[in-house]
Amino acid sequence: MKNKVVSVEQAIEMIPDGAVLMIGGFLGDGTPELLVDGLIKAGKKNLTVIANDTAFPDKGIGKLIVNKLVKKVIVSHIGTNPETQKQMIEGTLEVELVPQGTLAERVRAGGFGLGGILTPTGVGTVVENGKQKITINGKEFLVETALRADFALIKAKKADFLGNLVFNYTARNFNPLMAFAANVTIVEVEELVPVGGIDPNEVHVPHAVVDYIVRGNAK
Amino acid sequence: MIQDPKIGRTVIAKRVALELKDGDIVNLGIGIPTLVANYIPKGVTVFFQSENGILGMGPAPEPGYEHPNLTNAGGSPVTFLPGAVAFDSATSFGLIRGGHVDITVLGGLQVDEEGHLANWMIPGKLIPGMGGAMDLVTGAKKVIVAMTHVEKGGVPKIVKKCTLPLTSVRRVNLIVTDLAVIEVTEKGLLLKEIAPETTLDEVLKYTAASLIVPEKVPTMPVTL
């Protein structure tokens with residue numbers, strides 16, 4: 001059986017410049033900080049980041065923006081990070097804004113083998129520009145396509161050595177969805193327990209979608 | 001009209017709180033909407049939902065009791081009340097878009113005569129992103145806009161037609177401001193109540209949309 005446990009450095013080494021990354025977290029809560037710091041230390045370039053938001057300049061994904069590692073973000077919110085707005089206005093960072101519920105569903109669709117989803121959110125607003133609309137039972141829906149990534153960098157509270165995952169409170173957010181939606185999923189965990197150490201009823205994400213485990217407890 | 005903006009905000013929050021019914025599932029936006037939680041009427045129990053994955057959110061913890069993985073949609077530390085649930089973002093927006101949230105209270109930049117809300121961007125000036133606002137307005141059973149009646153400088157926010165990008169084409173249900181309570185009806189904007197220390201002339205002066213004004217308009221049932 002393959003040992004999924006790797007160091008931060010080994011995990012980061014797999015990620016090439018220009019990679020498309022999904023990164024978990026909601027304003028930094030539930031973001032794998034050790035992996036984020038690893039990307040910065042390694043000086044990765046031209047990354048595309050799919051995430052809920054760009055957090056704060058000194059926290060989570062915000063640090064990637066401040067260090068200019070990112071060429072494009074697909075997010076629902078950038079209001080808490082002035083650096084994101086600055087780089088967007090300067091033209092060095094492309095920002096695609098997606099309604100939060102639509103973003104969650106596009107990621108879920110990508111991981112669950114769907115081509116996309118139909119949502120009423122955004123109909124009649126600028127969000128519908130360039131998108132196909134479908135009427136079902138008299139109601140209009142936007143076709144929102146699935147999202148996938150080269151790598152998902154996610155954060156869990158606990159894993160066993162197989163990669164069964166348990167998340168903590170509001171640190172769950174996009175993490176379980178992203179775990180399914182990337183070619184390679186790397187999880188940073190606070191606690192690693194023996195196989196069988198997690199009650200099957202308690203598992204939030206099955207090990208089948210987890211490729212690598214990084215142990216760590218960033219504050 | 002009420003001169004002190006802090007009292008104005010409190011009046012808005014107190015009045016919105018009267019709309020909450022026992023057992024309601026409620027999502028509060030940031031800013032004035034957040035204040036609503038301080039004025040829940042006696043005997044009414046509501047469940048606060050937060051976009052980042054909570055149903056049953058409680059107030060901020062005592063200093064020293066913050067948990068880094070227990071935050072609200074603004075990133076600030078909160079608590080769980082007994083019976084609280086944590087879940088992922090797809091489930092959170094399943095509640096929101098799926099019509100399982102009874103009331104969403106949001107701030108507003110503009111609301112127009114048709115009840116359309118614009119509250120997520122000012123082109124060229126302020127582009128924070130829509131976050132969960134578009135899903136909330138599209139999916140919640142009842143949408144209440146809680147905002148000051150005018151911008152700084154007295155520019156009306158209730159207008160004939162929104163000039164800012166819309167949040168949704170779904171009409172909002174109720175507008176609560178520091179001057180008035182206005183219901184969005186099939187016939188147009190209906191003036192329901194006027195704030196304390198406020199005259200009908202002031203409401204009309206600071207509203208750029210047509211209002212349906214009944215013969216008698218009661219004062220908001222809130223204390224200053």
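Predicted model: local features only at pLDDT ≥ 70, side-chain atom pairs only at ≥ 80, totals over all residues.
The contact between the two chains draws 37 residues from chain A and 32 residues from chain B. On the side of chain B that touches chain A, helix 3 (89–97) and helix 4 (133–139) each contribute at least two residues. Helix 3 of chain B provides the largest share of this side, namely 5 residues. By residue class, the side of chain B that touches chain A comprises 15 nonpolar, 13 polar and 4 charged residues.

Helix 3 of chain B is also mostly covered, with 7 of its 9 residues buried. The buried residues are Ser89(B), Ala90(B), Ser92(B), Phe93(B), Leu95(B), Ile96(B) and Arg97(B). Their packing partners lie in both chains: in chain A they are helix 5 (100–111), strand 6 (116–119) and helix 6 (175–180), and in chain B they are strand 1 (25–28), strand 2 (47–50) and helix 4. Just beyond helix 3 of chain B, Gly99(B) adopts a positive phi of about 80°.

The largest nonpolar core contains 123 residues. The residues with the most contacts inside this core are Leu21(A), Met22(A), Val49(A), Ala152(A), Met178(A) and Ala181(A). Strand 9 of chain A, spanning residues 149–160, gives the most to the core, with 7 residues. When residues up to four places away in sequence are left out, Met178(A) touches Met22(A), Gly24(A), Val107(A), Ala152(A) and Ile154(A).

Technical notes: Residues numbered from 1 in each chain as written. Chains lettered and ligands numbered in written order. Contact = placed C-beta atoms within 7 Å. Helix = DSSP H or I, 4+ residues; strand = E, 2+ residues; numbered from the N terminus. Nonpolar A, V, L, I, M, F, W, Y, C, P; charged D, E, K, R; others polar. Core = buried A, V, L, I, M, F, W, Y, C linked by C-beta atoms within 7 Å. Buried ≥ 20, exposed ≤ 12 C-beta atoms within 10 Å, placed from the backbone.
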